[in-house]
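Welcome to a short tour for someone opening this structure for the first time. Take a look around, and then we will walk through some of its parts together.

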Amino acid sequence: MSSSVSVAAEWDLLSDRFYRRITIYSPLPWSSPPTTTASSSSSSAAATGRLDLSTHIVAAAPFGGPIAAVRDDSKIVQLHSEPSRRRLLLFSSSGHPLASSPWTPHLPRLHSLAFSSSLNLLALLSDGSLLRFRLPDLKPIPTSTPLPLLPPASGGVADAVFWGGGVAILTEDNRVVVTADIEADDPHPRELADPGVAEDEQVLCMAVVEPQFVMSGSPEVLLAVGDRVVAVDEDGVQLLGEALEIGPVQKMAVSPNGKLLAAFAHDGRLLVIPTDFSRIIFEYECDSALPPDQIAWCGLDSVLLYWPEVLLMVGPNGDPVQYNYDEPIMLIPECDGVRILSNSSMEFLHRVPDCTTSIFGIGSMSPAALLYDARDHYDKQSAKAYDNYQLISSSLPEAIEACIDAAGYEFDVSRQHALLNAATYGLPFCSQFPQGRIQEMCKMLRVLNAVRDPEIGMPLTIQQYKLLTATVLVGRLINANQHLLALRISEYLSLNPEVVIMHWACEKIAASTAIPDIVLLEGLLDKLRLCKGISYAAVAAHADNSGRRKLAAMLVDHESQSSKQIPLLLSIDEQDKALQKSIESGDTDLVYLVLFHIWQKVAVEKNAPLDFFGIINARPLARDLFMTYARHSKHEALKDFFLSTGRLQDAAFLLLKESRELEKNPVASKGSIHVPQVRLIDQAYRLFAETKEHLFESKSSEEHAKLLRVQHNLEVSTKQAIFLGSSVSDTIKTCIAMGNERAAVKVKSEFKVPDKRWYWLKACALATVGNWDALEAFSKEKKPPGGYKPFVEACIDAGQKIEAVKYILKLTNSVEKSQAYERLGMHEEAKAAALQADNNGDELFSRLKFTLGQNALIDTLRDRFSSQGTY
C-alpha cells in the first residue's frame with residue numbers, strides 16, 4: 001500500500017473532499033532564456049523569447065486550448081533579446097510557439113484578449129472596436145479593420161466579460177452593450193437597459209450569466225454598484241440582494257452551471273449565493289480585505305482567489321487550502337477544475353474523483369482498493385492476491401468499474417496502466433461485467449495521451465474530452481495543422497477521415513507554391529484515395545482560389561459526382577469539358593446549367609453566339625434542350641441558331657409564329673407600311689424561297705405580306721382599323737359593305753379572285769347591309785357565272801323571304817330550288833320542285849329525308865316517285 005500512500009500524499013483536504021494539483025507541463029519552453037531571436041518580418045512560429053505574464057495581456061482557450069499574448073504597452077518592460085515592436089504571440093498549452101504576427105501599430109490600446117467557442121482569437125480595443133484572428137496563422141478575419149461594437153460617444157471600454165459566443169461591455173459612461181453572436185459578419189451589438197448608475201457612483205465589478213442559463217435566452221449582466229448589485233437585461237434593471245446587506249462587492253464570478261455566484265465583499269468576506277441573491281449559501285472571512293486579482297470556480301465545489309504570491313482555495317466547510325507562488329499566475333477555469341498557468345509551468349487543480357479516493361485513499365479498504373492491491377500481489381506472485389479476491393468477490397463488478405474510471409482521470413501513464421491491469425485482473429472472475437468497457441477506456445486514454453503530448457499541448461481531461469466530443473477534437477487538431485495525429489485518431493475511432501484529408505490537401509496546396517502541378521497532383525492523389533467518396537471538387541476549388549487553375553482542372557477530373565464536378569469546371573473556364581460531362585451524366589438540369597453559363601458569358605462578345613451554336617450543334621442533347629428552352633423565351637437566339645446552322649425553313653416557321661403572335665396585338669402593327677408583322681413575313685418568304693421543298697410556304701408568305709400591305713392601306717384610307725388580320729374574302733366583303741366597291745375590285749384583281757367567288761362575296765356583302773336594290777341590280781348585270789344560288793343563300797341568311805323567292809325562281813337546278821324552298825318553310829313549293837327532278841330523284845329524296853326526317857311529305861314523295869318509276 002506504499003504506492004497508495006505516496007499518491008494520497010499529494011492531495012489536499014478541503015472540508016471532506018480531496019483536491020490535487022497536477023503538474024502537466026514543466027518547464028515551459030518560454031521560461032528558459034531565448035536561444036534565437038525572432039525576426040520582426042517573420043510570422044512563423046519562431047523563437048519568441050521569455051514570456052512574463054505580468055507584462056503581457058494573456059488569454060487562454062478552454063478545453064486545453066492555446067494561449068495568446070500581446071505585450072502590455074501600459075507597462076514599462078525590460079526587453080532582453082526580443083524585438084521592440086509588439087507582436088501577437090500564440091502558444092500551445094505546453095508553451096510551444098505556434099505563430100507570431102506583428103501587432104498593428106497606431107491602434108487604440110488593447111483592453112483584453114479572449115477566445116471564441118470556435119477557437120478564433122478576439123482582441124477588444126479600448127475604444128470598443130474588435131479584431132478577430134484565425135488560428136493558427138493569426139490572419140485577421142474578415143479584414144484587419146477593427147469592427148466597432150460601441151455606439152458613438154460612449155467613452156470607450158471600462159470593463160468587459162467574454163463568454164463562448166459573445167461579450168458584454170461596460171462603457172465609461174456606465175452603459176452596457178452586449179454582443180451575443182460575436183463571430184458573425186455583422187454582430188449586431190445591442191444596448192441593454194440603463195443600469196441607473198449615478199455620476200458620483202462607480203461600477204466596482206461585473207459578471208455575466210450566460211444566455212443558456214437564463215430563461216429569456218439573453219445574457220444577464222450583474223453589476224456591483226456601490227453597496228448594491230443590479231441585474232441588467234434587455235427588459236430592465238432588477239435590484240438584487242437588498243435584504244442580504246452584503247455591502248460593496250469588489251469581485252464576482254459565476255459558477256460553470258450559471259446557478260451560483262462567488263462574490264468578494266469589501267470587508268474581506270467571500271460569499272457564495274444563488275444568482276437570484278435569495279440567500280447566502282456560505283461565507284468565509286479572508287485574511288485580507290484587498291480584493292483578489294483573480295477569482296474563479298474550481299468545478300462546483302470550491303472557489304479560488306488569487307493575490308500576488310498566494311492562491312487560496314475555499315470550500316463550503318473547513319479550513320481553506322493555500323498555495324504559494326513566487327511568480328505571477330493565470331487561472332483558466334475548466335468544466336471540472338482550473339488550469340493554473342505560470343511563467344514556468346502549466347498545472348491542473350481539480351477535485352479528486354471518488355473512484356480515485358476509494359482506491360488510493362490512506363487506509364482505504366474499499367473493494368476497488370483491495371482489487372488494486374490484489375493485482376500488486378499477483379505481480380509479486382504472492383498468495384495474498386487470492387485472499388483479497390475472496391474478500392471482494394461479491395463486489396467485484398463495482399471494484400472493476402472504479403479501477404477503470406480512476407484510470408480515466410489519471411494523467412500519469414504508468415498509473416493508468418496499473419489501474420487498468422487491476423481491472424483486467426478481476427475481469428476473468430466477473431462474467432457479468434461488460435467486456436467492452438476496458439477497451440472503450442483504453443481507446444479514450446490513447447487519444448488523450450496522444451493530444452497531451454508536449455508537442456501537441458492539449459491537456460484534456462476525460463470529462464472535457466466527453467463534453468468536447470471526438471469529432472470536435474479532430475477539428476481542433478486539423479485547425480492546428482496536426483493532420484497526421486487527426487488522421488490517426490479518426491481511423492482509430494472509426495470516424496470519417498474525409499475532413500482531415502481535405503483540410504490537409506488544401507493546406508498542402510497553399511504551402512507548395514514552388515512544387516510543379518504534376519508532382520503536387522501525385523502527392524495529393526496518394527492521400528485523397530485513402531478516403532472513398534471524398535470531394536475532389538472541393539480541393540480543386542481551393543486550388544483554383546489559390547491561383548493554380550491547371551492543378552484544379554486535373555483534380556476535378558477525379559470527381560465522381562457530376563453535381564460537384566460541373567460547377568467547378570465552369571468556374572475554371574472548362575466549358576467544353578463541363579458540357580460533355582453534363583451530357584454524359586444524363587441530368588438535364590446540369591446540361592441547362594452549363595448552357596446558361598456559356599450563353600451568359602459569351603453573349604457580350606461579338607462572335608460568341610456563333611461559337612456557342614457550333615458547340616451545341618455537335619451535341620444533340622444540348623441542342624434539343626436549347627431549342628426547347630429558346631422556343632418559349634429566346635426567339636431571337638433560336639432564330640440566330642437556325643440561320644447559323646443552315647436550317648432556313650425552321651427559322652422561317654419561327655418568323656411566321658412571331659407574326660401570328662403580333663396579330664393578337666393589333667396595336668403593335670400600326671404605323672408605316674413596313675410594320676413588324678409584314679417584315680417578319682417578308683423574311684419568312686425570302687427564307688422559304690431559298691429551298692425548293694417549300695414553294696407552297698414561300699408563295700403563301702408572299703401573298704400574306706401583300707395582303708397585309710393592302711389592308712394597311714385600306715385602314716389608312718378609311719381611318720378604320722377593321723381590315724388587318726382578315727382574309728382576302730373578308731376584306732372584299734368589308735369593302736363592299738362600306739360602299740367602297742372600287743377598293744374591292746382592286747383586291748379582287750390583285751389576288752386573282754375568280755368571278756364565281758366574287759359573286760358570292762358581293763351578294764353576301766350587299767345582303768348583309770340590306771342593300772336589296774343594289775343586289776338586284778348586281779344580279780341583272782350579266783348572268784352570274786355560278787348561277788343565282790349565291791343570291792338565294794344571301795337572302796335566306798339575311799332572313800328576307802320575299803327577296804329570296806325572287807332569286808329562287810331563277811334557279812335552273814330543281815334540287816337547289818327544292819332545297820331553297822324547304823329552308824324557307826315552303827313545303828308545297830319544295831314538293832313541286834322535287835317532282836320536276838328527273839335523274840336526280842334518288843339524290844334529292846335522300847337529301848330531303850336527311851333534312852325533314854320522318855315527315856308525311858316523305859311518304860307522299862315516295863309514292864309519287866314510285867308511280868313514275870323513279871324510286
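Let us begin with a pair of helices. Helix H3 (residues 367-379) and helix H4 (residues 384-392) have axes that come within 8 Å and cross at roughly 160°. That angle makes H3 roughly antiparallel to H4. Their crossing is left-handed. On the H3 side, the residues that take part are Pro367, Leu370, Leu371, Asp373, Ala374, His377 and Tyr378, and they meet Lys384, Ala385, Asn388, Leu391 and Ile392 in H4. Sorted by class, this contact of H3 with H4 has eight nonpolar, two polar and two charged residues.

Please keep in mind that this is a predicted model.

## The whole protein

The protein has 871 residues, and buried residues make up 48% of them. Its secondary structure includes 33 helices and 30 strands. Looking at contacts between residues at least 6 apart in sequence, 49% join residues at least 24 apart.

## A second pair of helices

Where do H10 and H11 meet? From H10 come His483, Ala486, Leu487 and Ser490, while H11 brings Val500, Ile501, His503, Trp504 and Glu507. The contact of H10 with H11 is made up of five nonpolar, three polar and one charged residues.

Here are the two pairs side by side.

| Helix pair | Axis angle | Axis distance |
|---|---|---|
| H3 and H4 | roughly 160° | within 8 Å |

## Inside the protein

Which residues touch the most other members of the largest nonpolar core? They are Val451, Leu473, Leu477, Leu528, Leu551 and Leu555, out of 92 residues in that core. Apart from it lies another core, of 38 residues, which includes Leu714, Phe751, Phe778 and Ile808.

Not counting residues up to four places away in sequence, Leu551 touches Ile509, Asp517, Leu520, Leu521, Leu524 and Ala543. Leu551 is also one of the buried residues of H14, together with Ala552, Ala553, Met554, Leu555 and Val556. Helix H14 (residues 549-556) is mostly covered, with six of its eight residues buried. What do the buried residues of H14 pack against? Their partners are H11, helix H12 (517-528), helix H13 (536-545) and helix H15 (562-571).

## Some details of the backbone

Most residues other than glycine have a negative phi, and most peptide bonds are trans.

A cis peptide bond joins Leu135 and Pro136, with omega about 0°. Pro136 sits in the loop between strand S9 (129-134) and strand S10 (139-140). Another cis peptide bond links Ile141 and Pro142, where omega is about -10°. You will find Pro142 in the loop between S10 and strand S11 (147-148).

Asn481, in the loop between helix H9 (470-479) and H10, has a phi near 65° although it is not a glycine. Is Asn481 buried or partly exposed? Asn481 is partly exposed, with a relative accessible area of 37%. Ser494 lies in the loop between H10 and H11, and its phi is about 60°, again positive in a residue that is not a glycine. At 63% relative accessibility, Ser494 counts as exposed.

Our last stop is Glu183, in the loop between strand S14 (176-179) and strand S15 (190-191). Glu183 is partly exposed, with a relative accessible area of 27%. Which residues is Glu183 in contact with, leaving aside its neighbours within four places in sequence? They are Ser116, Ser117, Ser118, Asn120 and Arg132. One of these, Asn120, is 63 residues away from Glu183 along the chain, yet their C-alpha atoms are separated by 8.3 Å.

Note on methods:
Residues numbered from 1 in each chain as written. Predicted model: local features only at pLDDT ≥ 70, side-chain atom pairs only at ≥ 80, totals over all residues. Heavy atoms only, no water. Contact = heavy atoms within 4.5 Å. Helix = DSSP H or I, 4+ residues; strand = E, 2+ residues; numbered from the N terminus. Nonpolar A, V, L, I, M, F, W, Y, C, P; charged D, E, K, R; others polar. Core = buried A, V, L, I, M, F, W, Y, C linked by side-chain atoms within 4.5 Å. Buried < 20%, exposed > 50% of the residue type's maximum accessible area, 1.4 Å probe, protein only. Axes fitted to C-alpha atoms, helices over the stretch in contact; angles between N-to-C directions. Parallel < 35°, antiparallel > 145°, perpendicular 65-115°, else oblique. Left-handed = near helix turned anticlockwise from the far one by under 90°.
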